[in-house]
Amino acid sequence: MPSTPHPHRVVAVTGACTYLGGELLRRLEENPAYDKILALDIRPPALTPGGKTEFVKIDLTQPTIDGELATLLERHAIDTLVHGAFLSHPTHASEWAHELEDVGTMHVLNACAGVEPRRLVLISTTLVYGAHPKNPNFLTEDAELRGHRDSRFVNDKVRAERQVQRFAKEHGNVEVCVLRFAPMLGPTVSNMFTRFFSRPVAPVMMGHDPLMQFVHEQDAAYALQRAVESHATGAFNIVGKGVLPYTTVLALLGRVPLPMPQLVARQLTKVLWTTQLVGSPPSFLDFLLYLCVADGTKARRELGFTARLSIKRTILDFLGIAAEDGATDVATAQA
């Protein structure tokens, strides 16, 4: 169950320069229950001078970094480690991405095994469930992590989760919490989905119109804050309010749908991805074919997290449209 944070806590955050990392630093900085925050990344995040956040340069791809991390955890008496050093969009540098996410998670867990923090929070994604024709309407946290046969971007995150699951079984003294975020949209966050939906034309797989689900960037940041404050353990789906068919999402965004046969779409996307003209690989097309929608009931019950913003309001915020400027039925979608 969620709880008021104990005073004098010290939190370390890997991936401090990500959207969620930066938002968490800001929120913890404002909370008097936290004495110190360590921002761990390869470059310093935007920090307000004179605050209680300290930047420490950490490169999780380095082979000896687990020892450095363990020393940091012990020296600063880290109460909670938030591991969020994951890519928000695919990269052609797939070997480097594997070293960062899969091997980097191994380094983090090696450090935590030697110097057990009270709490470990992993930032993950609902994409680990995979888009599959047999998926139910809403995936719960105990669903199989299918990943994707052709996506290193997704599968490295699946492997990171499985490492964390093993760690949780072997280290019962550590509260381990995994947050699987639905694709984030909003006015400032940048990821694979924001890039995809920024294009004026979007492919539609002929004969397919799956339901889609997002979470507003501010709702996502609040959920992460709740996870740091909570004692809840296990995996949690962090999802927004409501779902919509893909073609309805495109209509709200004002994007032009381009119906295409699957085979043609895959071949075209392969060429565009290989030549680096688009930021989404062919494997992404499966999420335009099949359901990958998660159930947020457990997060409401155990984390005390309920999304405030509807999917329509989230889309409008992504477009930069203020509530009073939108069409009536959309602008009033916020609860």
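The model is predicted, with local features needing pLDDT of at least 70 and side-chain atom pairs counting only at pLDDT 80 or more, while totals for chains, interfaces and linings use all residues. Residues are numbered from 1 along each chain as its sequence is written, and side-chain values use heavy atoms, leaving out hydrogens and water.

Let us start with the sheet. An open sheet is formed by 7 strands in the order S3-S2-S1-S4-S5-S6-S11, with parallel pairing. Strands (E, at least two residues) and helices (H or I, at least four) are DSSP runs numbered from the N terminus, and two strands pair if DSSP finds at least two bridges between them. Strand S3 (53-57) and strand S11 (234-238) each have a single partner strand, so one side of each has no neighbour in the sheet.

Now for the pocket. The largest pocket holds about 900 Å³ of space. A pocket is an open set of points on a 1 Å grid over the protein atoms alone, where a 1.4 Å probe fits, with protein on both sides within 12 Å along at least five of seven lines; lining residues have an atom within 4 Å of a point. The volume is the space filled by probe spheres set on the points, which are joined across faces, edges and corners. Of the 38 lining residues, Thr18, Gly84, Phe86, Leu87 and Ser88 are the closest to the pocket's centre. S5 gives the largest share of the lining, 3 residues.
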